Amino acid sequence: MAMAAAKLTRLLLRVCGREASCTPGKVALKICPDFMGGLRLPETVICVTGTNGKTTTSNLITTALTKCGYTVTNNSYGSNIQAGVCSALIKDSRFSGKSRRQIAVLEVDERSSLLVYKYITPDYLVITNIMRDSLKRNAHTDFISYIINRAVPERTRLVLNADDFICSRLCPGNPDRVFFGISAEKPETSPEGALRDVVYCPECGSALRPEYVRYDHIGRIVCPGCGLSNPAPDYEVTQIDRSGGSFTVSHAGVCENYRLVNDNIVNVYNLCAAVAVLREFGLDASRLAGAFEKTSIVSSRYERVKAGRLNIVMQLAKGQNPVACARAFSYVVRDSAPRKAVLVMVDDKNDNTNDSESVCWIYDCDYSALADPSVKQLVFAGRRCRDQRLRALLAGVDPSVISISDSLFEGAAMIDTDACPDIYVCFDPYILSEAEKIKKYFADKGETEK
Ligand SMILES: [Zn+2]
């Protein structure tokens with residue numbers, strides 16, 4: 001009954017032109033709370049969880065598997081909570097509950113772990129990283145670690161980020177674990193006063209000493225008290241060739257080359273995670289390399305558009321998620337363009353239907369990248385623009401480059417495209433349609449100027 005009701009709901013939603021990424025699962029779970037336990041899953045189940053990079057990583061895995069000829073169930077374009085996972089499985093199931101696909105690649109929200117892994121034992125679980133996130137939703141990294149440790153079945157093979165001191169120590173009871181990490185482009189200095197989600201040794205309590213830190217606590221950390229450190233990666237990015245567009249993964253003493261789908265360091269981690277799980281799954285390196293040749297990062301996350309003399313870069317920056325936002329700022333500023341205009345639209349307003357989040361996440365986020373001299377104009381648009389400006393001032397941004405507007409579109413119009421032909425738009429996932437319009441506004445402007 002639950003399956004029939006869910007399938008009917010899905011059909012009705014699709015007829016009405018609506019996405020059916022969550023509701024069919026909700027209906028099924030309402031009728032039968034144990035519904036997921038009755039499904040006959042694909043032969044292989046790969047789950048992806050973690051604070052940042054879930055969607056990108058599971059999309060990379062799904063695309064690579066599809067290009068290698070496998071049929072895949074995937075929820076990356078929909079919802080990653082229990083009902084979303086359930087909806088994706090329903091979509092590709094027969095009425096009997098048997099899946100029509102060979103593999104499921106499921107992105108799972110960390111907080112849904114207990115609800116999902118109660119019914120689904122992943123063959124592989126990729127955990128991208130564990131970092132501070134929205135306080136309202138995720139509380140603290142210890143809380144998220146506690147949930148994951150309790151939820152993940154012992155039989156699951158873990159694919160963990162070796163460079164993340166918290167992630168690499170998850171699920172200590174699971175004997176089957178492989179690690180991925182990056183040794184290329186080691187930072188010479190560690191940023192002083194940077195935000196860290198792990199400061200004291202979880203074993204002996206000594207103050208931890210970073211050997212180097214890429215961002216947040218990602219890097220290599222050593223405990224001076226007991227010698228505890230990050231594990232050695234089994235899949236290690238030993239070289240990143242940005243100009244040639246490739247990266248090298250060393251595994252079991254052999255170097256494998258893959259196309260650098262995106263050169264943002266956070267995406268190099270995501271790429272390496274995808275390589276690790278797919279190689280463990282059994283894809284050989286040459287097939288995987290071939291699949292990566294035709295893969296890209298979804299354009300709703302990252303896109304470059306050339307319109308006349310304007311270069312428009314659209315970069316997703318998740319509001320309320322301090323590390324994701326800081327990475328987006330740091331990435332756009334890294335670009336070599338000498339005269340940048342950065343439009344930041346990371347309000348939490350749209351997430352506040354029934355409640356509100358304090359603005360403390362803005363102060364948890366590192367804005368110092370925006371103080372780079374190549375940023376000639378910085379516009380904060382949206383209802384929180386005054387908080388954003390204050391944060392930027394505290395980070396050392398020159399007040400004369402900052403403009404603010406309560407309206408997203410007026411904020412976009414403030415960009416002086418004559419002075420700054422390179423425009424970077426950092427936008428929140430809640431405003432995809434507005435971001436699309438703003439991209440079009442700049443693109444049209446660039447085209448008509450031609
Ligand atoms: Zn220690």
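**Entry 1: domains.** I began with the spacing of the two domains: the C-alpha centres of domain 1 and domain 2 lie 28 Å apart. The protein chain splits into domain 1 (2-293) and domain 2 (303-449), with bounds from an automatic or database domain assignment. I noted that this is a predicted model, where local features need pLDDT of at least 70, side-chain atom pairs count only at pLDDT 80 or more, and totals for chains, interfaces and linings use all residues. Residues are numbered from 1 along each chain as its sequence is written.

Entry 2: Buried means 20 or more other C-beta atoms within 10 Å of the residue's own, exposed means 12 or fewer, and partly exposed is in between. This core has 130 residues, and Val159, Cys272, Leu343 and Cys426 touch the most other members. Helix α8 (residues 265-281) gives the largest share, 12 residues. Both domain 1 (2-293) and domain 2 (303-449) contribute, so the core lies between them.

I followed up on Cys272: leaving aside neighbours within four places in sequence, Cys272 is in contact with Phe180, Ile182, Tyr235, Val237 and Val249.

Entry 3: Helices (H or I, at least four residues) and strands (E, at least two) are DSSP runs, numbered from the N terminus. For packing, axes are lines fitted to C-alpha atoms, for helices over the stretch in contact, and angles run from 0 to 180 degrees between N-to-C directions.

Helix α1 (residues 2-15) and helix α2 (residues 23-31) pack at about 155°, axes 8 Å apart. The pair is therefore roughly antiparallel (over 145 degrees; under 35 is roughly parallel, 65 to 115 roughly perpendicular and the rest oblique). Among the residues that meet are Ala2, Thr9 and Leu13 in α1 and Thr23, Val27 and Ile31 in α2.

I also checked α2 against helix α4 (residues 82-91): the angle is about 100°, with axes 7 Å apart. That makes α2 roughly perpendicular to α4. The contact includes Pro24 and Leu29 of α2, and Cys86 and Ile90 of α4.

Is α4 buried or exposed? I found 10 of the 10 residues of α4 buried, so this helix is largely enclosed by the rest of the structure. The cover includes α1, α2, β2 (72-74), β3 (103-107) and α5 (113-116).

Technical notes. Core = buried A, V, L, I, M, F, W, Y, C linked by C-beta atoms within 7 Å. Contact = placed C-beta atoms within 7 Å.
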